[in-house]
Structure formats: structure tokens, C-alpha cells
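Hi,

Here is the structure I said I'd pass on. Have a look at it first, and then read my notes below.

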Amino acid sequence: PTIYKGRFREGNFNRIVAQEIVTQLVADGYDAQLITPEDEDISLGERVRRVNKICDKLGAANVVLVSIHSHFYDELQPNKPSQFIETFAHTCIDAGADVIIGHGPHELQGVEIYKGGVIFYSLGNFCFGGHTNPRDKDTVLIQQEVIRTHDGAVSLGELTLIPCSISSSDRNNYQPTPYAPDSEEYARVLSKLDGTYTGSDLPIG
């Protein structure tokens with residue numbers, strides 16, 4: 001989506017893809033729904049209100065995961081999230097979401113713990129199947145423990161991050177492969193996730 005006068009501009013193609021994803025999730029037994037079923041652009045404020053309503057309805061008995069595909073990034077530091085995405089992610093957690101998973105920028109970006117929630121600003125090219133040889137193959141596998149207490153309340157537990165490449169070969173074969181824990185690549189991914197990465201920024205693509 002793009003932003004125009006405070007509204008998301010998605011286009012019919014994005015709506016079709018989103019609906020197909022929801023249809024498949026429902027077929028697999030998940031309680032999935034579109035927050036914007038309309039065939040028109042919906043403002044960010046209205047989207048947040050709808051997410052907030054869902055969170056209020058679910059209460060503490062569920063974990064709310066928000067997935068956002070956006071091509072916004074810091075043009076001077078591509079491995080850093082844009083101010084817009086930071087604001088969006090924080091607003092979703094303020095509204096009751098637990099985990100935010102971002103994708104769209106072709107760079108692995110940081111992870112942030114915010115008010116008990118977890119934000120993955122961009123998984124890099126992990127969710128990008130249209131490029132046979134992207135320049136940045138760094139990504140991360142996420143294992144998030146979810147704890148349910150005897151009274152039914154749900155909370156996030158231990159978070160495990162597994163640095164990996166999106167491919168097991170020099171080109172993209174779409175087979176994510178963990179880096180060796182003592183490797184330079186493993187350390188590089190961790191530095192991108194914690195914001196301490198100081199290497200040269202890879203070109204977008």
C-alpha cells in the first residue's frame with residue numbers, strides 16, 4: 001500500500017491477494033478476517049480503530065498478531081524502519097495487539113520490545129518470492145512462546161530468534177537455512193536485529 005492524503009492506496013491486486021490469504025487461513029481452521037473488506041481505500045485511523053475493536057472483543061484470552069506489508073524504510077539507512085512504520089506498530093500495540101510482523105522492505109530490520117509486545121519491523125526477503133537472487137539474503141526464523149494461565153489469560157513468553165539465510169545456495173531456492181551460531185553471518189543478523197549493525201548498507205532489491 002501507499003499513502004495518499006492520509007489514506008492507504010492498495011489497489012485491486014492487493015485486495016485480491018489479501019482475500020485469498022484469509023480464505024486459505026479460514027480453510028485451515030484459523031479465525032482470520034480482513035479489517036478492510038471494502039473495495040475502497042480506508043484511512044489509517046479507521047484501520048487502527050478496527051484493530052482496537054477486535055482486540056477489545058478478544059480480551060486477554062488471545063494473542064493478536066498484526067502483519068503489515070509496506071515498502072516504507074529509512075532511505076539513508078535501509079536496515080532501519082521508517083518513522084511511519086514505527087508509529088504504526090506502536091499504535092497497534094497501544095490498541096491491544098501483541099506481535100507485529102513487518103515485510104516489504106528488502107532489508108532485514110530490527111526487533112523491538114514495546115510495552116510487552118514484540119515488533120519485527122521487516123523480515124527482509126523472507127516473504128518475497130519474486131526475486132531469484134536478492135542482494136540481501138539475511139533473515140530470521142521466529143519462535144514465540146505463548147503462555148496460557150489457568151484463568152484463561154494469555155501472554156507472550158520466551159522469544160527465540162534463529163538467524164538464517166533465505167536460501168541454502170548462492171541464489172534463492174526458497175529454502176531458509178540457519179546460519180552456524182559461530183559464523184560471521186549469524187553475528188551480522190543479530191546486529192541487524194538489535195540495531196548495532198555498522199556494516200555497509202546493501203542496495204535495496
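This is a predicted model: local features need pLDDT of at least 70, side-chain atom pairs count only at pLDDT 80 or more; totals for chains, interfaces and linings use all residues.

As for the fold, I get 4 helices and 9 strands. Starting at the N terminus, the order is β-β-α-α-β-α-β-β-β-β-β-β-α. The protein has 205 residues, and 35% of them count as buried. If you take the contacts between residues at least 6 apart in sequence, 53% join residues at least 24 apart.

Two spots are worth a click.

One is Thr139, which sits in strand β7 (residues 138-148). Its relative accessible area is 0%, so Thr139 counts as buried. A polar atom of the Thr139 side chain lies 2.7 Å from the backbone oxygen of Leu123. Leu123 is also on the contact list of Thr139 once neighbours within four places in sequence are set aside; that list includes Leu108, Phe126 and Val189 too, as well as the run Ile162, Pro163, Cys164, Ser165 and Ile166.

The other is Phe13, in helix α1 (residues 11-27). Phe13 has a relative accessible area of 61%, and because the cut-off for exposed is over 50%, Phe13 counts as exposed. Phe13 belongs to a nonpolar surface patch with Val17, Ile21, Leu25 and Tyr30. Together the five have about 510 Å² of accessible area.

Cheers

Key: Residues are numbered from 1 along each chain as its sequence is written. Side-chain values use heavy atoms; hydrogens and water are left out. Helices (H or I, at least four residues) and strands (E, at least two) are DSSP runs, numbered from the N terminus. Buried means under 20% relative accessible area, exposed over 50%, partly exposed in between (1.4 Å probe, protein chains only). Contact means heavy atoms within 4.5 Å. A polar contact is a pair of N or O atoms within 3.5 Å; within protein, one must be able to donate a hydrogen and the other to accept it, and residues adjacent in sequence count only if both atoms are side-chain atoms. Patches are made of residues with over 30% relative accessible area and no salt bridge: like charges are joined within 9 Å, nonpolar side chains (Val, Leu, Ile, Met, Phe, Trp, Tyr) within 5 Å. Accessible areas come from the Shrake-Rupley method with a 1.4 Å probe; for residues, only the protein chains shown count as cover. A salt bridge is a side-chain nitrogen of Lys or Arg within 4 Å of a carboxyl oxygen of Asp or Glu.
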